[in-house]
Amino acid sequence: MKMISAIIKPFKLDDVREALSEVGVQGMTVTEVKGFGRQKGHTEIYRGAEYAVDFLPKIRMDIAVQDDEVEKIIDTIVQTAHTGKTGDGKIFVTNLEHVVRIRTGETDESAV
């Protein structure tokens, strides 16, 4: 099993969620996060004063999947979240050692 964590632009969330639903993803966790990469933040003017915004708003999606679904889900996220501009995001894939569904006690693949 794998955990796919995707960092995307906030306005792409609904499109990505719908596309993932169409390829069979039944659940995910979505978190509003802030961060920066190559964008390095930006400057804004507030009440006449310029200040730096070092962290930009992003969305983090965490999706637990079986190994054979990883590439399909990555491809779906990349195609849907892509704008071609800096800050489109990143996808991280990590191993899941153990999963437990609290309600039923099911474990590992059956818990996903």
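Me: How many bridges do E2 and E5 pair over, and is the sense parallel or antiparallel?
Reply: In this predicted model, E2 and E5 pair over seven bridges, in the antiparallel sense.

Me: Nice. What holds strands like that to each other in general?
Reply: Strands of a sheet pair through backbone hydrogen bonds, and the pairing can be parallel or antiparallel.

Me: What about E1 and E5, how many bridges there?
Reply: E1 and E5 pair over seven bridges, in the antiparallel sense. Ile 7 has Arg 60 in E5 as its bridge partner, and for Ser 5 the partner in E5 is Asp 62.

Me: OK, so what is the strand order in the sheet?
Reply: The order is E2-E5-E1-E6, an open sheet of four strands with antiparallel pairing. The edge strands are E2 and E6, the latter covering residues 89-95, and each of them pairs on one side only. From one strand to the next, the twist averages 20 degrees.

Me: Which helices pack on that sheet, and which strands do they touch?
Reply: H1 packs on the sheet and touches E1, E2 and E5, with its direction making about 10 degrees with that of E5. H2 packs on the sheet as well, touching E1, E5 and E6, and its direction makes about 5 degrees with that of E1.

Me: Switching to H1. Which of its residues are buried?
Reply: H1 runs over residues 13-22, and its buried residues are Leu 13, Val 16, Ala 19 and Leu 20. Looking down the axis of H1, those buried residues fall within an arc of 135 degrees, so they line one face of the helix.

Me: And what covers them?
Reply: The cover includes strands E1 (2-8), E2 (29-35) and E5 (56-65), together with helix H2 (70-81).

Me: How do H1 and H2 cross, then, and at what angle?
Reply: Their axes come within 9 Å and cross at roughly 145 degrees. The crossing of H1 past H2 is right-handed.

Me: Which residues meet there?
Reply: From H1 they are Asp 15, Val 16, Ala 19 and Leu 20, and from H2 they are Ile 73, Thr 76, Ile 77, Thr 80 and Ala 81.

Me: Ala 81, is that one buried or exposed?
Reply: Ala 81, which lies in helix H2, has a relative accessibility of 7%; buried means under 20%, so Ala 81 counts as buried.

Me: What does Ala 81 touch, leaving out residues up to four places away in sequence?
Reply: Ala 81 touches Ile 8, Lys 12, Val 16 and Asp 88. As for spacing, the C-alpha atoms of Ala 81 and Asp 14 are separated by 9.9 Å, and these two residues are 67 residues apart along the chain.

Me: What is Gly 35 in contact with, beyond neighbours within four places in sequence?
Reply: Gly 35 is in contact with Asp 54, Phe 55 and Leu 56. The C-alpha atoms of Gly 35 and Asp 54 are separated by 7.7 Å, with the two residues 19 residues apart along the chain.

Me: Zooming out, what pattern does the whole chain follow?
Reply: Along the sequence the protein chain reads β-α-β-β-β-β-α-β, and its secondary structure comes to two helices and six strands.

Me: What percentage of the residues count as buried?
Reply: The figure is 31% of the 112 residues in the protein chain. The accessible surface comes to about 7,800 Å², with 48% of that belonging to carbon and sulfur atoms.

Me: Last one: of contacts between residues at least 6 apart in sequence, what share join residues at least 24 apart?
Reply: In the protein chain, 70% of those contacts do.

Methods:
Residues numbered from 1 in each chain as written. Predicted model: local features only at pLDDT ≥ 70, side-chain atom pairs only at ≥ 80, totals over all residues. Heavy atoms only, no water. Buried < 20%, exposed > 50% of the residue type's maximum accessible area, 1.4 Å probe, protein only. Contact = heavy atoms within 4.5 Å. Areas by Shrake-Rupley, 256 points an atom, 1.4 Å probe, with all protein chains shown as cover. Arc of directions from axis to C-beta. Pairing = 2+ DSSP bridges. Axes fitted to C-alpha atoms, helices over the stretch in contact; angles between N-to-C directions. Left-handed = near helix turned anticlockwise from the far one by under 90°.
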